[in-house]
Protein chains: 2
Amino acid sequence: MNIEAKKNAKLDEVTVSTKPVFEGKVISLQIDTVQLPDGSTASREIIKHPGAVAVLAVHAGKIVMVDQFRQAMGRCELEIPAGKLEKGEDPLEAAKRELQEETGYVCKNIRLLHSFYTSPGFADEIIHLYVADELESGAAAPDEDEFLELYELTLPEAEAAIGSGRISDAKTIMAVYALKLKQVTGTYGL
Amino acid sequence: MNIEAKKNAKLDEVTVSTKPVFEGKVISLQIDTVQLPDGSTASREIIKHPGAVAVLAVHAGKIVMVDQFRQAMGRCELEIPAGKLEKGEDPLEAAKRELQEETGYVCKNIRLLHSFYTSPGFADEIIHLYVADELESGAAAPDEDEFLELYELTLPEAEAAIGSGRISDAKTIMAVYALKLKQVTGTYGL
């Protein structure tokens, strides 16, 4: 089966116009008018996001996570360390920075597991998911509007937390799955 | 380790005010002012989304996917069938509806695998991920602004497509991982 992406006149849409609606600190919103394959037009509400990194960090056989309040959900969420890319920042450097800022850990080994889009229907946010280990403790330095608590979970504890809904976001569930699938090999084994 | 969510004065934020910015067909945007645990305030850009369903459907040992143009990415993406919840719609019924509309398949067996948030940092979008099999072919009926092509991939083909970036969204990668982890048991085995 040929599943390579290619120009496809039966599917491709063409941008006719873009109307900026909002530009914020983190996200911006625009409404694109697109021409559909049948020649008609439709509007698409699109969120632009700078991109983010997330880190599956393993320390003493446990997964490093942070608990933080998420306003969108109205409650605390247990997640792997993550954060937005700064302007022009290399994702690998951002991953090391976010891990250190949120947890204090400095990692000796880090590699990209993969990158993925979180909400292709309305947002261009991409998350670059890294795996890190050989961690050394240090001082955390969260952003001034960021309040976090550090947790370290075994794989069974993380799976139980997915089951209970205490962990409920895509990047963290994906990281736990990847670890369980032993995509995290070499020095990263639990 | 106690990882249950609880009221936590060191982490919890309190909504002070909400300013509506945009209300669209699919998403709305608001800026919330929150009081942080240290008493200071911060603003949060929040996208409200009606929620969505996605379906990991297995037919003749292959995973059912649809190729469609995604304006946010500017290219076609291979994804499992998915769509927004209609107002007041039961997620299970929405999952059956989206599978039939996008692929023509009617499923006899369907169950919830789990629900997850896609972008907890800025959006309340939740996706309810279902597993379905015992599919019967029928006529697809996509929305009028929706142009799709049906694909059916073996598990190795799906993994290769994740590797090449042809599959690059969180829900589809998560579904492939779940299948590989054999969380999809009973009649759903590949």
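Modeller: A salt bridge here is a side-chain nitrogen of Lys or Arg within 4 Å of a carboxyl oxygen of Asp or Glu. Keep in mind that this is a predicted model.

Colleague: Okay. How many salt bridges are there between chain B and chain A?

Modeller: The count is four. In one of them, Arg44(B) meets Asp145(A). The N to O distance is 2.9 Å.

Colleague: And how many residue pairs are in polar contact across that interface?

Modeller: The rule finds 30, with both residues at pLDDT 80 or more.

Colleague: What area do the two chains bury between them?

Modeller: About 6800 Å². Carbon and sulfur atoms account for 64% of it.

Colleague: Which three residues supply more than any other three on the chain B side?

Modeller: Leu11(B), Gln71(B) and Tyr177(B). Together they supply 11% of the area that chain B buries against chain A.

Colleague: Switching to rings. How many aromatic pairs over all chains?

Modeller: Zero by this rule.

Colleague: What lies over the face of Tyr151(A)?

Modeller: Arg166(A), at 5.9 Å from the ring centre. In chain B, Arg166(B) lies over the face of Tyr151(B), at 5.9 Å from the ring centre.

Technical notes. Residues are numbered from 1 along each chain as its sequence is written. Chains are lettered from A and ligands numbered from 1 in the order in which they are written. This is a predicted model: local features need pLDDT of at least 70, side-chain atom pairs count only at pLDDT 80 or more; totals for chains, interfaces and linings use all residues. Side-chain values use heavy atoms; hydrogens and water are left out. Rings of Phe, Tyr and Trp (its six-membered ring) pair if their centres lie within 6.5 Å; planes under 30 degrees apart count as stacked, over 60 as edge-to-face and the rest as tilted. A charge sits over a ring if NZ of Lys or CZ of Arg is within 6 Å of the ring centre and within 35 degrees of the ring normal. Buried area is the accessible area (1.4 Å probe) that two parts lose on being put together, summed over both. A polar contact is a pair of N or O atoms within 3.5 Å; within protein, one must be able to donate a hydrogen and the other to accept it, and residues adjacent in sequence count only if both atoms are side-chain atoms.
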